[in-house]
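Here are some friendly notes to read alongside the model. Each point takes up one topic, and the cut-offs are given where a term comes up.

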Amino acid sequence: MTNQTCKKQVAKDWFFRMKEIQEQIADINRKIGVAPDISRLAIPAGDAKRRLESFVYLNGDQREENIPDRLQGELRTLKNNVAETAEALEKYKKQSHQLIEERDELKKRLDGTFRQTNLELSTNFSADGLKEFVESVVEIWLDSIKTIKDKLSHLEEKRSELKSEVKSFRPKTKNFNEDELLNASIKDLTAELKAEEELKRRQKAAEELFNQAEAAVKAVQKRLEAERKQFADDLTDAVAAYTNAGIFNTAQDLKLLLKKDSLYHEAVSEICRELLKKTGTDAAHVFNFTGGSLPAQTHIISDSVIRGRLESMVDEILKQNRLQTTD
C-alpha cells in the first residue's frame, strides 16, 4: 500500500467511525428528547402515596391494621397503585440513566477516534496532505451534490416547458355569425365542442404535470440544501481533524525544540563554568557585564517568558491527546 493510499484509508476509516458514533449519539439524544420529564412521572407516584396515606389516616387512625375488613379491597388497590407507580418511576430513572451512560461512553469513543486519527496522521503530517485527506472524506458528497444539481437543472427546464405550455392554452367555444349559422350543422358544432373539450383536457393534464414538476423541484431543492449542509458539516470535521493532527505534530516538534534548547543550555553552562573556573573569573566579573553568573545568551529560545509559555502550551496539547513523546 502506497503512502498516498494509506492516507486516504486513514481518512475513510476515521470518517466512517466518526459518522457511525455520531449517529448513535443522535439516536440516544432523540430518545432522551421525546422521553417525559422525570418530575412529571414523579407526580403520579407522589399522588398515589398521598392517597394511600390519606386513606389510612381517615379509615385506620393512621395504622393499616385498624382498617376494617370491608375496606381491605380498596386498601390493596391503593397499595398496588403505589407500588406500580413507584416501580414505573424507578424503571424510567434506570432507563434514563442507562441512556446517559451510553451517550457518555459514545462521546469517549468519539474523542478516542479523533485522538487515534491524530496519532496516525501526525507522524506524516504536512500542509500539502490536507487537500487529499479532506477530499477523501467529502468525495461522496461531491458526487451526490453534482447528481442532485443535474437532476434539479433538468426538472427546472421541464417545469419551464410545462409553464409555457399551460399559458399557451386558450380554449374558447366558436361563436357562429349570422352567415355561418345558415350553413352550420350540428356535426360542425359537435366537432368544435369535442375539440374544445380535448383542449381543456390537455390543459388540465399540462397543469397537473406543471404542479408535479413544481413540487418535485421544491423537493429536490430541499434535498440539495440538506446535502450541502451535511457536506459542510463533514468538511468542517475533516479540516478540524487534520488541523488537530497538525497541532499535535507541531507540538511534538516544539517539544523536541524545547528539549534541544534545554540540552544546549546545559552544554553552554557547563562550558562556561569550566572556562570561568580555569581563568579564575568569578561571578562578580560576569555580573558586571551580563547581569548573572554566566553569559546571558545560553538558550536558543532566549526569552524566558516565551519559553515558559511554549512549555505550558505544548504540555497541555500533548496531555489532552495522550501523545507519547521522546523525553
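**Notes on the predicted model**

1. Let's begin with Trp141, whose place is in helix H4; helices (H or I, at least four residues) and strands (E, at least two) are DSSP runs, numbered from the N terminus. Trp141 counts as buried, at 15% relative accessibility, where buried means under 20% relative accessible area, exposed over 50%, and partly exposed in between (1.4 Å probe, protein chains only). Between Trp141 and Leu235, which are 94 residues apart along the chain, the C-alpha atoms are separated by 9.7 Å.

2. A word on the ground rules. This is a predicted model, in which local features need pLDDT of at least 70 and side-chain atom pairs count only at pLDDT 80 or more, while totals for chains, interfaces and linings use all residues. Residues are numbered from 1 along each chain as its sequence is written, and side-chain values use heavy atoms, with hydrogens and water left out.

3. Now the overall layout. The chain has eight helices and zero strands, so reading along the sequence gives the pattern α-α-α-α-α-α-α-α, with elements taken as DSSP runs. Of its 327 residues, 27% count as buried.

4. What about the interior? In soluble globular proteins, nonpolar side chains tend to be buried together. A nonpolar core here is a set of buried Ala, Val, Leu, Ile, Met, Phe, Trp, Tyr and Cys residues joined through side-chain atoms within 4.5 Å. The largest nonpolar core has 22 residues, and Trp14, Phe133 and Val137 touch the most other members. Helices H1, H3, H4 and H6 are the elements that give two or more residues to this core. H1 gives the most, with eight residues.

5. Turning to charged pairs: side chains of opposite charge can pair when their charged atoms come close. The rule used for a salt bridge is a side-chain nitrogen of Lys or Arg within 4 Å of a carboxyl oxygen of Asp or Glu. By this rule the model holds eleven salt bridges.

6. Asp27 and Arg30 are separated by about one helical turn, because they are three residues apart in helix H1 (residues 3–34). Asp27 and Lys31 also both lie in H1, four residues apart, about one turn of the helix. As for accessibility, Asp27 is partly exposed at 30%, Arg30 counts as exposed at 52%, and Lys31 is partly exposed at 43%.

7. Another salt bridge is worth a look: the side chains of Arg159 and Glu214 meet at 3.2 Å, N to O. This pair links distant parts of the chain, with Arg159 in helix H4 (residues 129–168) and Glu214 in helix H6 (residues 186–279), 55 residues apart. Arg159 is partly exposed, with a relative accessible area of 22%, and Glu214 counts as partly exposed at 24%.

8. Patches are made of residues with over 30% relative accessible area and no salt bridge, where like charges are joined within 9 Å and nonpolar side chains (Val, Leu, Ile, Met, Phe, Trp, Tyr) within 5 Å. Accessible areas come from the Shrake-Rupley method with a 1.4 Å probe, and for residues only the protein chains shown count as cover. Lys and Arg count as positive and Asp and Glu as negative, with His and the chain ends not counted. The place of a charge is taken as NZ of Lys, CZ of Arg, CG of Asp or CD of Glu.

9. Glu101, Glu102, Asp104 and Glu105 form a negative surface patch. Of these, Glu101 has its place in helix H3 (residues 72–122) and is partly exposed, with a relative accessible area of 46%.

10. There is a nonpolar surface patch too: Leu257, Tyr264 and Ile300 make one of about 250 Å². Ile300 is found in the loop between helix H7 (283–290) and helix H8 (304–321), and counts as partly exposed at 43% relative accessibility.

11. Is Ser269 buried or exposed? Ser269, found in helix H6, counts as buried at 4% relative accessibility. The C-alpha atoms of Ser269 and His299 are separated by 9.7 Å, with the two residues 30 apart along the chain.
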